[in-house]
Amino acid sequence: MTQMTGTTIEHEIGISGLLEVRLAHTGVRIRAVEGVTVRIHGGADLESSVRVDRGQGSLSIRAGRDGLIGFGGRQPSPDLVVDVPARATVVIETASGDIDADGLLGEQRYRTASGDLRLHAGSGRIAIDAVSGDIETLVAGNLDLTARTVSGDLTVKATTIQALHVSTTSGDLRVAGRLTGTGPFRVETVSGDVDLAIDGDVRIEMQTVAGDLRSEVAARAEGGRGRRTLTVGNGGPTVTARTMSGDVRLIRTSSAVRDGANLPPQPPVPALAPQPPTPALSPTPALSPMPAVAERDDATGDARLAILRSLERGEIDVAEAGRRLEAVETAEEATDD
């Protein structure tokens, strides 16, 4: 059932249906609610400023009279408040608008060019892709997070973290919580620093060009130039860290994060139901060919510089840059022998 007035759009999608919101220069607040109905609240011109596509178990809201995604669209959209079933699959995209989400428990995908993103309470599998906006994720339950940002800072606080893959070019990363299961747990940065407040035993394995690995808690340090490890207690889960010049610091866990004291409670929700498939995020661009490694020191320096420039242009990611730098160093050591 669908209802539409000048300021509100309602549509039933079921307990675990799909909601898509794709806008341009607008702020979006998503609120988890009980029930099976999405309610979108906007200004008096809501009907004329967005395109609404209704489906069986789904609702899509797009900006502009031609229904384009809104990145560079011709018409501005009103700020929106969206009430959605807590276990629904949610896909939100904006160009410059901020995104706030409270209490969601289903699969979530967010993309923004310059807006800030704040996720509070809730839990679940979350994917984030941002350019310059800051990201804050405060989760009261289990978290499975994949997040990528270019220049914005990224803060993650969760009661338990089941999987983590976060990367940034120049922003700082802050991660706090207890790691559970087999992960993987990966952090990657070019020039930004990484603070890890891990509750419990953990092992940090770091590969870097010019960064450092430090700890405020008792830990066993191993390794040397370019590769270092820190082990707390019996080791526990392993966090893999790759940086170019950024430092990684293991800091003390606050009681608020450990006990969940400042985490908002999760809303009551219906029993979990199967979720429909959701659109895939855009694939990572193809990697450019690996530069040749020469035998002389000046050629080796040129190869390293070419790799870093490819990384800055976005042609490769931090992990690939690390593999290529490692290949250059291995070739250099073989030549010296």
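User: Which way do strand 16 and strand 18 pair, and over how many bridges?
Analyst: Strand 16 and strand 18 (residues 194-198) run in the parallel sense, with 5 bridges. Two strands pair if DSSP finds at least two bridges between them. Strands are DSSP runs of E, at least two residues, numbered from the N terminus.

User: What sort of model is this?
Analyst: The model is predicted; local features need pLDDT of at least 70, side-chain atom pairs count only at pLDDT 80 or more, and totals for chains, interfaces and linings use all residues. Residues are numbered from 1 along each chain as its sequence is written, and side-chain values use heavy atoms, with hydrogens and water left out.

User: Which residue in strand 18 is the bridge partner of Val-175?
Analyst: Leu-196. Val-175 is also the bridge partner of Val-156. Strand 15 (residues 154-168) pairs with strand 16 in the parallel sense too, over 6 bridges.

User: How many residues of strand 16 are buried?
Analyst: 5 of the 7 in strand 16 (residues 173-179). Buried means under 20% relative accessible area, with a 1.4 Å probe and protein chains only.

User: Switching to strand 4. Which side chains point to the buried face?
Analyst: Val-28, Ile-30 and Ala-32.

User: Which strands pair with strand 4?
Analyst: Strand 8 (residues 80-85) pairs with strand 4 in the parallel sense over 6 bridges. Ala-32 stands opposite Val-84 there. Strand 10 (residues 99-102) also pairs with strand 4 in the parallel sense, over 4 bridges. In strand 10, Asp-100 is the bridge partner of Arg-29.

Notes:
Buried means under 20% relative accessible area, exposed over 50%, partly exposed in between (1.4 Å probe, protein chains only).
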